[in-house]
Amino acid sequence: MLNRPSKVTADAMYDTAKIRKYNRRRGIKSNIPVNKRNRKKKKRGRTIKVDTEEYKKKSIVERFFSWIESCKKVFPRYEIKEESYLGVVMAAAIIRVNELLG
């Protein structure tokens, strides 16, 4: 069984026809804002819609991982198994929350 996301949210840097086409072929909705600097010609046809509420959630996830990665051990390349990495992330999150609560 294949796990596939229903929607992908990314920065405008990832606004390319190749990425959008890849996602469309696999039935994945792209929630990527238009990067006007990426376009040589003005796009014709339907406008690309971005779910702004969903896009705002992306920054929450990015802040969480930058906060967690301030612990030196939490880097995916150090852990071979997914479960091991998840355990280290959970331990780091517990340590950080305890620091905040004092």
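**A nonpolar core and its surroundings**

The largest nonpolar core of this predicted model consists of six residues, namely Ile68, Cys71, Tyr85, Val89, Ala92 and Ala93, where a nonpolar core is a set of buried Ala, Val, Leu, Ile, Met, Phe, Trp, Tyr and Cys residues joined through side-chain atoms within 4.5 Å, and buried means under 20% relative accessible area, exposed over 50% and partly exposed in between (1.4 Å probe, protein chains only). Helix H3 (residues 82–101) gives this core its largest share, four residues. In soluble globular proteins, nonpolar side chains tend to be buried together.

Because this is a predicted model, local features need pLDDT of at least 70 and side-chain atom pairs count only at pLDDT 80 or more, whereas totals for chains, interfaces and linings use all residues. Residues are numbered from 1 along each chain as its sequence is written, and side-chain values use heavy atoms, with hydrogens and water left out.

The chain holds three helices and two strands, which follow one another from the N terminus as β-α-β-α-α; helices (H or I, at least four residues) and strands (E, at least two) are DSSP runs, numbered from the N terminus. The average pLDDT, the predictor's confidence in each residue from 0 to 100, is 79 for the chain, and 80% of the residues score at least 70. Confidence is highest in helix H1 (residues 17–25), at a mean of 91, and lowest in helix H2 (residues 52–68), at 79.

Of the 102 residues of the chain, 21% count as buried. The accessible surface, computed by the Shrake-Rupley method with a 1.4 Å probe, only the protein chains shown counting as cover for residues, comes to about 8,900 Å², and 58% of that belongs to carbon and sulfur atoms.

Within helix H3 lies Val88, which counts as buried because its relative accessible area is 19%. The C-alpha atoms of Val88 and Ile68 are 9.7 Å apart, although 20 residues separate the two along the chain.

Leaving aside residues up to four places away in sequence, Tyr14 touches Ile19 and Ile32, contact meaning heavy atoms within 4.5 Å. Between the C-alpha atoms of Tyr14 and Pro33, 19 residues apart along the chain, the separation is 8.7 Å.
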